[in-house]
Amino acid sequence: MNTLMDVLRNRPGWVEVKDEGEWDFYWCDVSWLRENFDHTYMDDHVRISHFRNHYELTHKNYMVKNLKRFRRQLEREAGKLEAAKCDFFPKTFEMPCEYHLFVEEFRKHPGITWIMKPVARSQGKGIFLFRRLKDIMDWRKDTRSSDDQKDELPVENYVAQRYIENPYLIGGRKFDLRVYVLVTSYLPLRAWLYRDGFTRFSNTRFTLSSIDDQYVHLTNVAVQKTSPDYHPKKGCKWMLQRFRQYLASKHGPQVVEALFSDMDNIFIKSLQSVQKVIISDKHCFELYGYDILIDQDLKPWLLEVNASPSLTASSPEDYELKTCLLEDTLHVVDMEARLTGKEKRVGGFDLMWNDGPVSREEGAPDLPGMGNFVTNTHLGCVNDRKNQLQQLFHSLQTQKKASS
Amino acid sequence: MLQEESDLSLMIAQIVQKLKGSNLYAQLERQAWASLQKPEIRLESLKEDIKEFFKISGWEKKLQNAVYSELNVYPLPSHPAAPPEHLKEPLVYMRKAQGSWEKRILKSLNSMCTELSIPLARKRPVGQQKELLNKWNEMGTDEPDLSLFRPVYAPKDFLEVLINLRNPNYENGDSLSFRTHLGLIQVPLKVKDIPDLKECFIELGLNTGQLGIDDSTQVPPELFENEHVRIGQKVLAEQDSAAAQQYIRQGSPTALRAELWALILNISSQPEDILYYEQLKANVIQHDLLVDSLIYKDVKLTASNDDYYFVFEDYLYQVLLCFSRDTSVLGHFAYNSASPPKSYIRGKLGLEEYAVFYPPNGVIPFHGFSMYVAPLCFLYHEPYKLYQTFREMYVRFFFRLHSISSHPSGIVSLCLLFETLLQTYLPQLFYHLREIGAQPLRISFKWMVRAFSGYLATDQLLLLWDRILGYNSLEILAVLAAAVFAFRAVNLMEVTSLAAAEVRINFTRMGWK
């Protein structure tokens with residue numbers, strides 16, 4: 001079920017390059033990037049699927065730092081109200097350097113649950129929950145071998161984050177949302193939001209009493225797959241359309257609009273916070289997988305941003321989603337140079353930010369604050385990408401013929 | 001004229017009789033007594049004043065809704081000399097067929113019982129009761145060993161019975177003519193043809209706006225959607241059942257659906273209803289029934305494996321286990337051709353004083369039964385609300401899908417309607433499929449028995465069920481099934497086997513692509 005290979009191999013006019021041949025497009029690993037990017041020469045037209053220092057957004061400790069800094073800046077420039085729009089990530093402290101700040105916060109709110117997450121690992125590995133300082137004291141001791149010096153830092157960085165104890169539950173189960181955001185440049189910031197995504201359910205019923213049961217609390221599919229309850233036929237995902245419908249029938253469309261608009265805010269603010277830090281190389285683009293958690297008050301929280309969201313398909317439906325996602329990504333990256341650059345929608349992607357907000361209305365000026373401004377996002381809405389692509393490419397062809 | 005009048009007064013008498021025993025009657029009485037305190041009520045014009053009071057306070061509307069509900073559910077009274085069986089099913093051969101089918105089911109259930117040495121019912125020991133109560137909200141986490149249980153029957157077994165139905169008074173003759181019905185159902189029931197259907201389902205015509213079509217992204221909402229939503233809100237504000245039923249023929253907006261259905265089904269969640277549900281829950285805790293295992297097995301096999309409904313597994317147990325203990329469901333057997341199976345207290349076989357209905361609600365679940373409940377989980381989240389809605393849907397509609405009767409919404413008529421539509425309007429396709437041994441009904445039967453639950457994406461399914469409620473009929477299921485075949489007609493002409501036909505018809509849950 002390798003979606004990436006299938007999509008690339010099936011793309012008309014594209015040829016796979018083996019070994020040391022010259023390439024125009026590379027969907028690379030972050031590890032390759034780290035080792036080779038700096039000394040690889042790329043022609044203007046070449047495209048690569050990561051930004052050099054993506055970790056500013058996708059490693060939890062850097063992201064938190066950048067967000068905090070951005071928030072302070074917003075408060076200075078635009079006031080407390082505007083800065084409060086950045087309050088979508090739970091209180092987080094980098095370990096071990098912010099350990100003392102963490103302890104201060106910990107003591108202010110006794111009895112709440114915290115979650116410890118490794119900065120750079122994925123798929124739910126290395127994560128655990130705790131309520132007592134004693135738990136991390138033990139962990140601190142464990143992570144140092146007997147040979148280490150006392151003040152040597154542990155090999156891996158962690159963050160301690162306030163655990164969201166009142167997640168929204170469906171059928172008694174906790175879930176999170178996986179949303180795809182494509183960034184084609186940071187300076188200026190151009191970001192696209194994919195209409196499809198999915199809701200990942202935990203296989204077991206949510207209860208705070210079993211913190212040790214990581215299967216309850218972690219909704220990553222990878223963790224769920226190892227849960228004794230897991231039956232592969234069940235899958236444990238809903239498409240976002242299903243989720244949006246469910247919420248609409250329960251809370252009404254206005255509430256759902258507000259929730260999704262809050263999520264738009266998360267995507268944009270998080271990207272803005274790293275805009276000046278990320279090396280905006282014109283060769284780079286990146287497809288991010290955002291993990292969002294909704295709490296019982298229907299407030300969305302940002303859990304993390306993934307630079308390499310999983311592209312393996314767990315079911316036929318999943319395969320369909322991911323292949324379409326990748327196809328549309330390649331359409332937006334536009335190696336074939338078909339697009340004019342003025343498109344607001346390509347397949348399942350809607351242009352969410354173009355050096356400024358993008359309005360849904362055709363031809364309307366993109367000015368927020370005007371009464372009728374609605375952002376050009378359609379997360380969880382109908383994705384009639386086939387039709388749209390047909391019409392788009394047809395009209396592009398006609399335009400080209402007319403101008404030649 | 002006289003006949004109509006006497007029919008009407010008979011009907012009125014029946015409805016009054018029914019409503020007298022209901023909660024609404026008690027409430028109206030209380031309200032009437034309380035109103036005597038009001039200054040507007042004068043002794044000289046007591047009757048008119050109280051009527052006026054009812055009108056203003058909305059109680060008249062509630063009464064209207066209740067009457068409307070009765071009219072919808074109960075068949076019109078027939079000849080005063082007709083015995084009660086005729087209300088269940090007027091045709092003798094159908095009654096007989098249903099009777100023998102029931103005998104078979106019961107035999108199957110009893111033999112499973114004996115084989116596994118499990119009693120049909122037993123009282124739970126106190127320890128187990130406590131455990132179950134603790135786990136009530138997450139019964140899905142239980143993984144009891146259900147390997148020895150089998151569903152009592154599956155839709156395809158039922159289809160075989162229907163195929164063999166014959167009217168002994170009807171002689172078809174051996175010669176084939178243009179009238180010969182080529183399908184599997186060989187009973188001469190009257191079904192509607194397209195002109196009749198067009199008239200009946202007039203609101204589904206091309207000139208009328210529909211939700212699900214005319215609210216798609218390409219259509220500006222000012223053309224239909226906005227106004228339709230506004231009317232829906234008005235209907236809800238008026239709390240008028242009849243208006244809601246008319247309104248919903250064009251589909252219900254997602255946000256209004258839960259309330260609209262409750263209004264049409266005349267469900268209001270009074271404290272008595274919540275209490276009743278809690279009592280049923282207590283019954284479940286105290287006694288363990290064999291059918292419970294059948295329910296568990298069914299949920300695990302169907303809903304839990306479903307991509308969309310697996311999330312609601314726990315709710316399904318909470319509804320279905322209580323449903324099987326609900327003796328108020330027995331009421332619907334007055335107009336259902338089926339009869340509740342009887343069982344006898346141990347050692348008292350045949351003695352009527354020791355007969356009980358088994359299960360208490362008289363409904364034995366079959367493979368796929370839980371799928372009737374699953375879509376409702378999208379609308380209702382309090383268990384008692386979910387329960388009431390399901391129960392009402394069952395005693396109004398779903399029971400017809402698995403009992404043998406001549407009713408126009410009964411499964412036999414639906415099958416015949418489906419086959420007739422196909423044979424009349426797609427004769428080439430029908431003939432071709434028949435020739436390759438792929439009788440269309442063999443493919444579509446399971447869709448209709450389940451009212452398409454599990455075969456359509458939930459949003460589409462709910463739009464379909466909107467119309468079932470709106471027209472108070474299940475005929476639309478047969479029409480949809482035929483439409484699916486019409487849609488795939490070109491593809492289906494190429495297949496050469498039943499298996500290939502199933503694949504080609506490509507009725508996947510991803511909706512239409």
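**Entry 1, surroundings of H14(B).** I looked up what the buried residues of H14(B) pack against: in chain B they meet helix H6 (92-116), strand S2 (287-289) and helix H15 (313-323). I note that the model is a predicted one.

I then examined H14 of chain B, which covers residues 290-301 and has 12 residues. From its first C-alpha to its last I read 17 Å, close to the 16 Å expected at 1.5 Å a residue. I recorded that 11 of the 12 residues of H14(B) are buried, so the helix is largely enclosed by the rest of the structure. The buried set comprises Leu290(B), Val291(B), Asp292(B), Ser293(B), Leu294(B), Ile295(B), Tyr296(B), Lys297(B), Asp298(B), Val299(B) and Lys300(B).

I turned next to H15(B) and its packing with helix H13 (residues 271-286) of chain B; the angle is about 85° and the axes lie 9 Å apart. Angles of 65 to 115 degrees count as roughly perpendicular, and H13(B) and H15(B) are therefore roughly perpendicular to each other. On the H13(B) side, I listed Tyr277(B), Leu280(B), Lys281(B) and Val284(B) as making the contact; on the H15(B) side, I listed Gln318(B), Leu321(B) and Cys322(B). By class, I found five nonpolar residues, one polar and one charged in this contact.

Finally, I consulted the largest nonpolar core, which has 227 residues. Trp238(A), Phe390(B) and Ile411(B) touch the most other members of that core. I also noted a second, separate core of 14 residues, with Val103(A), Trp114(A), Leu133(A) and Ala160(A) among them.

Note on methods:
Residues numbered from 1 in each chain as written. Chains lettered and ligands numbered in written order. Predicted model: local features only at pLDDT ≥ 70, side-chain atom pairs only at ≥ 80, totals over all residues. Heavy atoms only, no water. Core = buried A, V, L, I, M, F, W, Y, C linked by side-chain atoms within 4.5 Å. Buried < 20%, exposed > 50% of the residue type's maximum accessible area, 1.4 Å probe, protein only. Helix = DSSP H or I, 4+ residues; strand = E, 2+ residues; numbered from the N terminus. Expected span 1.5 Å × (residues − 1). Contact = heavy atoms within 4.5 Å. Axes fitted to C-alpha atoms, helices over the stretch in contact; angles between N-to-C directions. Parallel < 35°, antiparallel > 145°, perpendicular 65-115°, else oblique. Nonpolar A, V, L, I, M, F, W, Y, C, P; charged D, E, K, R; others polar.
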